[in-house]
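User: Could you zoom in on one part of this model and tell me how it sits among its neighbours? I'd like the geometry and the contacts, with the cut-offs spelled out as you go.

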Amino acid sequence: MRILVLGGTEFVGRAVVEEALGLGWDVTVFNRGTQAPPAGVTALLGDRTAPGGLAALERGEWDVVVDTWSWAASAVRDAASLLAGRAGHYVYVSSRSVHAEPVPFGADESAPVVAASADDDDPSDYARNKAGGELGAVAAFGERALLARAGLIIGPYENVGRLPWWLTRIARGGPVLAPGPAGQGLQYIDARDLALWCLRAAERGVGGAFNVVSPPGFVTMGEILETCVEVTGAAAELRWVEPETILAAGVQPWTELPFWLVGPDYDFLHGGDVSKAVAAGLSCRPVAETVGDTWEWLRSVGGEAPHRPDRPRKGLAPEVEARLLGLRAG
């Protein structure tokens, strides 16, 4: 299989490249060249946001295109339109965020989607950008477009700061504020499992929208944090604090305490129906493998993960954690 990855050097794009190479596919990446391309690929240079920036893609044919774009939807529209006659399948890594809130627990792919346009050139609205990107992919490729609506994505190379923050905080040891309840079920997807499912589905000609994330309750908050303690070998003590106390202190779920959500947001992002993707071959590796591999990668890069400049920093300030735990800061 010949695959073109739009991006290919960071997180999900890099996972797609590595999984494709592992399958023995012929891999081409297209990006601005700000980072060295992975070994074993053909590299094309261009900036899809600039006039004439897609010139390097005006020639060539591929069986599969994978696009992880998150900003202005018009960039997906332009790339998909240019490639429609020379590529077999277009995989757009979208997001469950395309759904219009409120989204009830158990919602599947048929839940309403936010109003969007493939012509949108405003990079500031994530949900609309992803929904608009879907429209652009489908307009060009029709049933040959696969829309992978991912949820929480973690794993090696994460540049968003969720699992790396928990690993770094727990590695410091001592009492760690753990947002309860410990038995609260979570949904996530390892970037490598997401990538492999997308590739295999595209290879079979699968199209349409899929929620691509683990089944609800695949892991609990307690299990993932306890796994962080185990893999780091830290002298850390998880101290579970009830949601009411955390919220009363003004702490923001998801950003200050990654993974953790309450109320309708929890139902939305940790309660998606993924039966369609599972029936189409989705398989999720054990949490210990995801957390362990992420810790090994994090140590290999000096303990500090790269961070996307368009995403807010994650994590709870030490003084806030200490106050909530009834400890003295420092």
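Analyst: Let's start at the end of helix H4: just after H4, Gly173 takes a positive phi of about 80 degrees. Helices here are DSSP runs of H or I with at least four residues, strands are E runs with at least two, and the numbering goes from the N terminus. Keep in mind that this is a predicted model, where local features need pLDDT of at least 70, side-chain atom pairs count only at pLDDT 80 or more, and totals for chains, interfaces and linings use all residues. Residues are numbered from 1 along each chain as its sequence is written, and side-chain values use heavy atoms, with hydrogens and water left out.

H4 itself is mostly covered, with 7 of its 9 residues buried (buried is under 20% relative accessible area, exposed is over 50%, partly exposed is in between, using a 1.4 Å probe on protein chains only). Those buried residues are Leu163, Pro164, Trp165, Trp166, Leu167, Arg169 and Ile170. What do they pack against? The partners are strand E7 (153-154), E8, H6, strand E13 (236-241), H10 and H11, where contact means heavy atoms within 4.5 Å.

Take H6 to begin with. H4 (residues 163-171) and H6 (residues 221-232) pack with their axes 9 Å apart, at an angle of about 55 degrees. The axes are lines fitted to C-alpha atoms, for helices over the stretch in contact, and the angle runs from 0 to 180 degrees between N-to-C directions. H4 and H6 are therefore oblique to each other: under 35 degrees would count as roughly parallel, over 145 as roughly antiparallel, 65 to 115 as roughly perpendicular, and the rest is oblique. On the H4 side the contact involves Leu163, Trp166, Leu167, Ile170 and Ala171, and on the H6 side Met221, Leu225, Cys228, Val229, Val231 and Thr232. Sorted by class, that gives 10 nonpolar residues, 1 polar and no charged ones. For the bookkeeping, Ala, Val, Leu, Ile, Met, Phe, Trp, Tyr, Cys and Pro count as nonpolar, Asp, Glu, Lys and Arg as charged, and the others, Gly among them, as polar.

Now for H10. H4 and H10 have axes 10 Å apart and pack at an angle of about 75 degrees. That makes H4 roughly perpendicular to H10. H4 brings Leu163, Pro164, Leu167, Thr168 and Ala171 to the contact, while H10 brings Thr290, Val291, Thr294, Trp295, Trp297 and Leu298.

Ala178 lies in strand E8 (residues 174-179) and counts as buried at 0% relative accessibility. Not counting residues up to four places away in sequence, Ala178 touches Leu225, Leu238, Arg239, Trp240 and Val241. Leu225 also turns up among the H6 residues that meet H4. Arg128, by contrast, sits 50 residues from Ala178 in sequence and 33 Å from it in space, C-alpha to C-alpha.

One more spot involves H10: Arg311 is in the loop between helix H10 (287-300) and helix H11 (318-324). Arg311 is buried, with a relative accessible area of 18%. Leaving aside neighbours within four places in sequence, Arg311 is in contact with Ser70, Tyr126 and Val160.

For a contrast in packing, look at H2 (residues 74-83) and H3 (residues 126-141), whose axes come within 8 Å and cross at roughly 15 degrees. H2 and H3 are therefore roughly parallel to each other, and their crossing is right-handed. In H2 the residues involved are Val76, Arg77, Ala80, Ser81 and Leu83; in H3 they are Gly133, Gly136, Ala137, Ala140 and Phe141. That contact has 6 nonpolar, 3 polar and 1 charged residues. Ala137, in helix H3, counts as buried at 0% relative accessibility.

Notes:
A crossing is left-handed if the near helix is turned anticlockwise from the far one by less than a right angle, and right-handed if clockwise.
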